[in-house]
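Please keep the sequence and the structure in view while reading.

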Amino acid sequence: MSKLILVRHGQSEWNLANRFTGWWDVGLTEKGVTEATAAGELLAQKNVLPTIAFTSLQTRAIKTLNLALEACDRLWIPVTKDWHLNERHYGGLTGLDKQQTRDKHGDEQVHIWRRSFDVPPPPIDKGSEFDLSGDPRYAGIPVPDTESLKLTIERVLPYWESVILPQLSAGETVIISAHGNSLRALVKHLSGISDDEITGLEIPTGQPIVYEFGDDLRPSGERYYLKDA
Ligand SMILES: O=C(O)[C@H](O)COP(=O)(O)O
């Protein structure tokens, strides 16, 4: 039986400031650091110890992974960082205040941009303040100009299937430190959640979620929060 641990990064500076973040790179708050360390302590306490790790190219997820691995004495395991696990790209909303955007466009429109399955936010303007297409970390990578959850799934799932799933099949205990919407993409697939129902799924920061996999490489039961196990 292999295990998969999913953890959303701890609270980020822009979670706290209530700004649309997406691919923009922000750090963790003090609370985020505490959450990440607590996640690792929980892994140690429950003896669910990762043997291999995956994360995005974004500082908040990388730091969360490092803090969690340090807290469970697993800083030595192999780590792969890949853009396919990045947060959903928030397009032209990147950097905007979520409440001010609601005040301007209405609650319903903002809810559609944030939680609908296939309506992407307006694209980001090339060369604008938050355009990351020239960032060296994304050299050679097709930086999107916006992404819906559907588009996020279209880049997360091929990576999951070709790179991460083989590690579970080899018996590894895999940890993925990623983001609210890249993890919603994965959970939608693993738990067979419909396009309609996924709009109601929220992933809390710094809270490890576990799937157990049988020999057929399908989750053998429903996901659970490790704190409840
Ligand atoms: O990118 C962001 O702003 C957050 O990480 C997730 O935002 P959401 O809750 O609006 O999906």
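## Helix 4 and the residue after it

Glycine 106, which has a positive phi near 95°, follows helix 4; helices (H or I, at least four residues) and strands (E, at least two) are DSSP runs, numbered from the N terminus. Helix 4 covers residues 98-105, and it lies largely in the open because the number of buried residues among its eight is zero. A residue is called buried if 20 or more other C-beta atoms lie within 10 Å of its own, exposed if 12 or fewer, and partly exposed in between, with C-beta atoms placed from the backbone.

The model is predicted, and local features need pLDDT of at least 70, side-chain atom pairs count only at pLDDT 80 or more, and totals for chains, interfaces and linings use all residues. Residues are numbered from 1 along each chain as its sequence is written.

## Overall build

The protein has seven helices and six strands, and along the sequence they follow the pattern β-α-α-β-α-β-α-α-α-β-α-β-β. The radius of gyration is 17 Å, close to the 17 Å that the globule rule gives for 229 residues, so the protein is as compact as a globular protein of that length; the radius is taken over C-alpha atoms, and the rule is 2.2 Å times the number of residues to the power 0.38. Buried residues make up 39% of the 229 residues.

## The nonpolar cores

A nonpolar core is a set of buried Ala, Val, Leu, Ile, Met, Phe, Trp, Tyr and Cys residues joined through C-beta atoms within 7 Å. The largest one has 35 residues, of which Leu4, Ile5, Leu6, Ala68, Val174 and Ile176 touch the most other members. Among the elements that give two or more residues to this core are strand 1 (2-8), helix 3 (59-71) and strand 4 (174-178), while helix 6 gives the most, with six residues.

Leaving aside neighbours within four places in sequence, alanine 68 is in contact (C-beta atoms, placed from the backbone, within 7 Å) with Val7, Ala36, Ala39, Gly40, Leu43 and Ser177. A second, separate core of five residues includes Phe20, Tyr90, Leu93 and Trp113.

## Helix 6 against helix 7

Helix 6 and helix 7 pack at an angle of about 70°, with their axes 9 Å apart; axes are lines fitted to C-alpha atoms, for helices over the stretch in contact, and angles run from 0 to 180 degrees between N-to-C directions. That makes helix 6 roughly perpendicular to helix 7, a term used for angles of 65 to 115 degrees. Among the residues that make the contact are Ile153 and Trp160 of helix 6 and Ala185 and His189 of helix 7.

Note on methods:
Contact = placed C-beta atoms within 7 Å. Parallel < 35°, antiparallel > 145°, perpendicular 65-115°, else oblique.
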